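Subject: Structure for your files

Hello,

Here is the structure I said I would pass on. My notes on it follow below.

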Amino acid sequence: MSRLQPVRGTRDILPDEFPRFAHVVDTARDVARLYGYSEMATPIFEFTELFARGIGETTDVVSKEMYSFLSRGDDEEERQSLTLRPEYTAGICRAFVSNGELRQQLPLKLFAHGPMFRYERPQAGRQRQFHQIDVEVLGAPEAECDVEVISVAADILDRLGVLSSCVLKLNSLGDPESRAAYRTVLVDYYRSHQSKLSEESLRRLERNPMRILDSKDEGDKAVNVDAPSLADHLNPASRTFFDTVRAGLDASGITYEIDPALVRGLDYYTHTAFEFVTTSLGAQGTVIGGGRYDGLIEQLGGPPTAGIGWAGGIERLVELQRKLDKSPPAPERAVAIIPMGQAAELRALALARELRQADVPVELAYRGNMKRRLQRASKLNASHALIIGDSELAKGVVAMKDLDTGTQEEVPFDEVVDALGDDALDALMSLVGADDDEDGDGNR
């Protein structure tokens, strides 16, 4: 029997790497909280129809990449097509339509994270199971909301230490009136160059012509050089909306570049489209991408409701941090309890629980002599070793050894928590003392 391996396109997130992964999620959650966003989650699988309607049947995601299957059931009515979610927006919009109480809470500001699934060729930065952080705002049609949503993304990237290595690409898709007028002009242009278009773009010409603008085919790129610009076909209302977004970003100190090729092909997308892009990850350069989708919820059967959001790939953000040598904060150091003897082991269990209830991380050694247990404590980067033997039990104390300095003292059992707290405070003050004592007189 061959050795078991993860399914192709999936990977384990091992303990050494997980702190980076968790740091991205925790940072995003903290920033979203500062902006007043509430966290939620949707099921990992939904009815296939949701994604066909919400993402678009002509997109590559729906036509080529979805993991769909028939549910189990005793009759044909129960055996319906289900799909592992390829993205979060459609599921959150479905939740809004399904749960009437959410419609009473507009504007609804939401944060989510979790695994997504797409069938595509696995490569660096692209897996079949991947993870995203996600922000959505429903019921806020104002341009100022676009500024806020982009600002949330910028602040997350800034806290992760990668914003300076990213460029915000920005474009306006206009309102439905502008898009309809532009679509007519764009289709006429492409029809006059049909012989030069790729087969993929010819298929998109009738149903999704704006997607041709971001084609990676070299022949399509040559045609797109002289393609009409959407910016030239925005009506006054759309221009005003985009000007307001740009003014808000300028006032917020968020720099950007206008990218006319940044488009979304489906009709429910409106106004602002944006991406944070880096050159540090090769071809997979987009780390956060999103835009406004004011027509989506109505298309899913809900009431007309404005929407805007973005998604960011956690694996890509982790890799970008690694490339830029940005490390997550070091975890809080543990305390190692080293009991020697059966009676000491029982007392160590009680002490370990008491310390953990006081939010002190504890590593409890189960085997080995004193030397081996101390070596393990050092390997785990523990701050202290709490040694309990027969003599300590007789005196009602632990031998508390500082593993950084090597000093050791006896501390009564009921004073261990306070002693560890005082020791941690002294260490902190020794680190910051030189910086805080600016004039050298010892006063802070």
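How far apart are D26 and R29 in helix α1? They are three residues apart in that helix (residues 18-34), which means about one helical turn separates them.

Before the rest, the conventions. This is a predicted model, so local features need pLDDT of at least 70 and side-chain atom pairs count only at pLDDT 80 or more, while totals for chains, interfaces and linings use all residues. Residues are numbered from 1 along each chain as its sequence is written, and side-chain values use heavy atoms, with hydrogens and water left out.

Salt bridges

A salt bridge here is a side-chain nitrogen of Lys or Arg within 4 Å of a carboxyl oxygen of Asp or Glu. The count under this rule is 15 salt bridges. Helices are DSSP runs of H or I with at least four residues, strands are runs of E with at least two, and both are numbered from the N terminus. Buried stands for under 20% relative accessible area, exposed for over 50%, and partly exposed for what lies in between (1.4 Å probe, protein chains only).

D26 and R29 form one of these salt bridges, at 3.0 Å from N to O. D26 is partly exposed at 35% relative accessible area, and R29 is partly exposed at 28%.

In helix α7 (residues 199-207), E200 and R204 are four residues apart, about one helical turn. Their side chains form a salt bridge at 3.6 Å, N to O. E200 is partly exposed at 23% relative accessibility, whereas R204 is buried at 10%.

Helix α8 (residues 218-224) holds E218 and K221, three residues apart and again separated by about one helical turn. The N to O distance in their salt bridge is 3.5 Å. E218 is exposed at 58% relative accessibility, and K221 is partly exposed at 37%. Elsewhere, D26, R29 and E39 belong to one network, joined by salt bridges that share partners.

Nonpolar patch

I44, F45 and F69 make a nonpolar surface patch of about 270 Å². Patches are built from residues with over 30% relative accessible area and no salt bridge, joining like charges within 9 Å and nonpolar side chains (Val, Leu, Ile, Met, Phe, Trp, Tyr) within 5 Å. Accessible areas come from the Shrake-Rupley method with a 1.4 Å probe, and for residues only the protein chains shown count as cover. F45 lies in strand β2 (residues 45-47) and is partly exposed at 45% relative accessibility.

Regards
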